[in-house]
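Open the model in a viewer and keep the selection panel at hand. The stops below go from a pocket to the helix contacts.

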Amino acid sequence: MSTPIAQSLASGILVGALYGLAAVGLSLVFGVTKILNVAHGELLMLGGYASFWLFTLMGVDPFAGVPLSMFALVLVGLIVYQLLFSRLIKLPTEDKIRNSLLIGFGLGLILQNVALRLWTADNRGITTSYAGATFTLLGVRLPYVRVASLVIAFVFLLALQLFLQRTYTGKAIRATAQDWEAATLMGINVHSVYRLSFMLGAALAGAAGTLVAVGYSVEPVVGMHWTLKSLIVLVLGGIGSIAGTLVGGLILGVTESVAALWISNYRHVVGLAIFILVLLIRPQGLFGVKEG
């Protein structure tokens with residue numbers, strides 16, 4: 001394998017894991033509540049800014065500050081859910097999706113303009129003392145920061161999978177996602193499950209935002225980019241599948257990275273092409289279950 005291709009594959013895996021982490025919160029919320037929050041990328045953007053200011057003003061290492069960013073986004077997610085999305089819960093699924101799209105677009109524009117007013121349009125990135133450090137593995141140069149982000153993304157995805165599979169609350173979330181009426185009959189407080197799912201989705205967006213800020217950069221308009229990537233990964237992996245979300249993120253990251261060797265200016269188009277192809281051939285995604 002030639003070095004450029006090997007380097008591209010490694011880069012694709014590193015960014016693909018981040019795609020997966022960014023998308024898993026959106027997948028969880030939509031899978032449980034049937035609310036499609038297209039302002040998910042703006043929540044990620046706020047997580048990135050939270051980590052940036054913690055580092056800039058208080059000297060908190062970005063990786064150590066991940067729990068703080070997640071906590072901040074849990075509060076934001078709770079407020080957003082209670083004020084906006086909780087009103088949609090009783091609607092039929094089609095109306096819920098349609099109205100959540102409208103609310104999400106409006107919320108995204110509001111958060112973008114608030115961030116623009118507060119922090120200007122400048123790119124903000126976290127530059128630590130170890131930001132440029134790399135190591136070589138099998139002839140491939142790997143940045144420590146992005147490898148650490150890869151490990152953190154895997155840990156969060158594994159922790160979420162174990163939480164959903166092994167805990168009573170996780171099983172309640174899965175039951176609600178499968179059939180909310182049956183879950184209600186079994187004594188599960190569906191509204192609490194919806195609220196918790198939205199808060200978890202926001203927390204995961206906050207974690208992803210921190211990793212974006214330390215590995216790349218954040219700005220007020222970066223949310224739409226990450227929402228689009230999350231939607232592509234959501235379709236690739238299948239709604240509600242944690243493993244599928246990870247695999248979908250890796251597929252998208254590797255495909256874009258390898259495509260950049262030949263069509264660097266259009267590498268994002270490749271991801272959209274895969275998105276359309278999967279919709280045509282397997283609409284439920286690689287790991288999704290076909291309804292009916």
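How many nonpolar, polar and charged residues does the lining of the second largest pocket have? The lining has seven nonpolar, six polar and three charged residues; Ala, Val, Leu, Ile, Met, Phe, Trp, Tyr, Cys and Pro count as nonpolar, Asp, Glu, Lys and Arg as charged, and the others, Gly among them, as polar.

Before selecting anything, note that this is a predicted model, in which local features need pLDDT of at least 70, side-chain atom pairs count only at pLDDT 80 or more, and totals for chains, interfaces and linings use all residues. Residues are numbered from 1 along each chain as its sequence is written, and side-chain values use heavy atoms, with hydrogens and water left out.

**Stop 1: the pocket.** Select Val15, Tyr19, Tyr216, Glu256 and Arg267, which lie nearest the centre of the second largest pocket among its 16 lining residues. Two or more lining residues come from each of α1, α9, α10 (242-259) and α11 (267-281). The space in this pocket is about 300 Å³. A pocket here is an open set of points on a 1 Å grid over the protein atoms alone, where a 1.4 Å probe fits, with protein on both sides within 12 Å along at least five of seven lines; lining residues have an atom within 4 Å of a point. The volume is the space filled by probe spheres set on the points.

**Stop 2: α1 and α9.** Select residues 3-33 (α1) and 222-237 (α9): their axes come within 8 Å and cross at roughly 80°. Axes are lines fitted to C-alpha atoms over the stretch in contact, with angles from 0 to 180 degrees between N-to-C directions. The two helices are therefore roughly perpendicular (65 to 115 degrees). Residues in contact (heavy atoms within 4.5 Å) include Leu18, Ala22 and Leu26 of α1 and Trp226, Leu231 and Val233 of α9. By class, this contact has nine nonpolar, two polar and one charged.

**Stop 3: an aromatic pair.** Show the rings of tyrosine 19 and tryptophan 226, an edge-to-face pair at 5.6 Å centre to centre and 65° between the planes. Rings pair if their centres lie within 6.5 Å, and planes over 60 degrees apart count as edge-to-face. Tyrosine 19 in α1 and tryptophan 226 in α9 are 207 residues apart.

How values were computed. Helices (H or I, at least four residues) and strands (E, at least two) are DSSP runs, numbered from the N terminus. Angles under 35 degrees count as roughly parallel, over 145 as roughly antiparallel, 65 to 115 as roughly perpendicular and the rest as oblique. Rings of Phe, Tyr and Trp (its six-membered ring) pair if their centres lie within 6.5 Å; planes under 30 degrees apart count as stacked, over 60 as edge-to-face and the rest as tilted.
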